[in-house]
Amino acid sequence: MRLEWRPAIFGALVVLNVCLLGAVSTARQAGSDQAPQMSETFFKNIQILKGIPVDEFMDVMGMFSASLGFDCASCHSEELYKDRAAFAIATPLIQRARQMLVMMNTLNRANFAGQPRVTCFTCHRGSNQPASIPNLALQYSELIEDPSAMAISPDVGVTVDQVFSKYLQALGGAERLAGLTSMVATGTYEGFNTGGAPVRIEIFSAAPDKRTQIVQAPDGVGIKTFDGRNAWAAEPWRPMPLLTLTAGNLSGARLEAIVSFPAGIQKAFSKWQVSSTQIDGRPVQILQGTNAGEAPVNFYFDQSGVLVRTVRWNRTAAGTVPVQVDYADYRDVAGVKMPFRMIMTWTDGQNTFQLSDIRPNVQIEAIRFARPAPFKRG
């Protein structure tokens with residue numbers, strides 16, 4: 001049976017994370033306070049996806065879901081809802097997935113010098129059965145550009161400085177933004193990991209790149225922190241009580257912190273390109289920032305100059321997965337316009353942040369950005 005893509009798949013992936021959090025009581029906990037723990041030392045019966053951190057392993061699960069349109073029970077035994085140890089059962093589809101990973105890696109080694117040119121999505125593209133017959137409707141339909149693509153066409157008619165200058169001016173001016181050194185925000189947070197119900201969130205940010213969010217989840221307090229160098233998540237929907245974020249997830253946590261202080265965004269990347277596209281039929285300017293050894297980040301600015309979207313990418317053992325954040329509901333806060341609504345979308349979840357209050361330039365204790373204690377159910 002072909003499983004079509006449905007938003008409910010996101011919810012099932014969150015269920016997987018929550019179930020795994022309970023399941024780790026039978027796995028080794030050593031290393032939860034050290035960075036980072038590898039997949040095979042934490043999960044059971046890992047055969048192919050060895051030697052990668054736990055957070056990357058979960059991104060691979062997101063790649064499977066996005067590529068095949070599957071949820072957790074599509075591949076894992078349905079016994080997982082009664083016995084969490086059932087995640088380790090090698091079902092026929094799990095065995096097939098292992099074969100597909102071997103095939104994918106062989107193709108990339110033999111033809112692309114080991115670069116991940118062929119991934120799950122290359123063939124599946126949202127279907128569990130890759131199509132082998134051309135689709136004439138696709139062939140003759142209007143070509144629609146993907147605004148969130150990593151590859152962009154440089155626009156030589158606009159400079160990086162011009163786009164950033166317009167952005168800072170639209171928010172209140174470079175001088176006001178340079179004076180923004182910290183902020184504390186409160187509001188609501190909702191998604192499949194909260195059962196779709198809005199719960200309270202507090203966000204603490206300090207320039208240039210520190211950020212902590214505290215979510216009052218139904219089953220306990222979830223904390224995600226970036227201290228300027230390291231990032232951790234102690235949240236109920238994570239696979240372990242204290243997850244050290246690595247590679248693309250670490251860069252993503254840094255990006256969330258940097259975006260809070262627009263005056264520092266340009267300096268946060270060593271190389272920039274300018275391009276343009278459309279989002280929902282509206283023209284936007286793209287700035288793509290890159291740092292050595294990291295995937296690029298796309299920043300999208302509307303015609304008024306404000307930031308409306310970022311897209312970043314995490315490289316995994318099964319290919320690259322995107323993370324998109326959309327910004328809206330800009331309001332004036334002490335002379336500076338700030339987004340009060342953010343929607344974060346990635347391959348295994350979607351969350352909405354709706355802020356109700358932002359207090360700028362307040363004193364924040366350094367302990368707010370310290371490594372959090374492992375999550376405990378309330």
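## Questions about a predicted model

Trainee: Which residues touch the most other members of the largest nonpolar core?
Mentor: A nonpolar core is a set of buried Ala, Val, Leu, Ile, Met, Phe, Trp, Tyr and Cys residues joined through side-chain atoms within 4.5 Å. Buried means under 20% relative accessible area, exposed means over 50%, and partly exposed is in between (1.4 Å probe, protein chains only). The largest core here has 54 residues, and the members that touch the most others are Tyr167, Trp272, Leu287, Phe299, Met338 and Ile358.

Trainee: And which helix gives the most to this core?
Mentor: Helices (H or I, at least four residues) and strands (E, at least two) are DSSP runs, numbered from the N terminus. With 7 residues from the stretch 160-171, the top contributor is helix α8.

Trainee: Before we go on, what kind of model are we looking at?
Mentor: Residues are numbered from 1 along each chain as its sequence is written, and side-chain values use heavy atoms, with hydrogens and water left out. Local features need pLDDT of at least 70, side-chain atom pairs count only at pLDDT 80 or more, and totals for chains, interfaces and linings use all residues, as this is a predicted model.

Trainee: Back to Phe299, then: which residues does Phe299 touch?
Mentor: Contact means heavy atoms within 4.5 Å. Leave out residues up to four places away in sequence, and the list for Phe299 is Leu255, Val259, Ile265, Phe269, Trp272, Gln285, Ile286, Leu287, Leu307, Arg309 and Thr310.

Trainee: How far apart are the end C-alpha atoms of helix α10?
Mentor: The expected span of a helix is 1.5 Å times one less than its number of residues. Helix α10 has 13 residues (247-259), so it should span 18 Å, and that agrees with the end-to-end distance in the model, 19 Å.

Trainee: Is Ala247 buried or exposed?
Mentor: Ala247 is in helix α10, and it has a positive phi of about 45 degrees although it is not a glycine. Most residues other than glycine have a negative phi. The relative accessibility of Ala247 is 52%, so it counts as exposed.

Trainee: What does the side chain of Thr277 make a polar contact with?
Mentor: Thr277 sits in strand β7 (residues 271-279) and counts as buried because its relative accessibility is 10%. A polar contact is a pair of N or O atoms within 3.5 Å; within protein, one must be able to donate a hydrogen and the other to accept it, and residues adjacent in sequence count only if both atoms are side-chain atoms. For Thr277 the partner, at 2.6 Å, is the side chain of Glu145.

Trainee: Is Lys267 buried or exposed?
Mentor: Look in the loop between α10 and β7 to find Lys267. Its relative accessibility is 77%, so Lys267 counts as exposed.

Trainee: What is the volume of the largest pocket?
Mentor: On a 1 Å grid over the protein atoms alone, a cavity is a set of points where a 1.4 Å probe fits but cannot get out, and a pocket is an open set with protein on both sides within 12 Å along at least five of seven lines; lining residues have an atom within 4 Å of a point. Grid points are joined across faces, edges and corners, and a volume is the space filled by probe spheres set on the points. For the largest pocket that comes to about 760 Å³.

Trainee: Which element gives the largest share of its lining?
Mentor: The lining has 21 residues, and Ala66, Phe121, Thr320, Pro322 and Thr347 lie nearest the centre. At least two residues come from each of α3 (54-68), β10 (307-316), β11 (319-333) and β12 (336-346). The largest share, 5 residues, comes from β11.

Trainee: How many of the 15 residues of α3 are buried?
Mentor: From first C-alpha to last, α3 reaches 21 Å, close to the 21 Å expected. The helix is largely enclosed by the rest of the structure, because its number of buried residues is 13.
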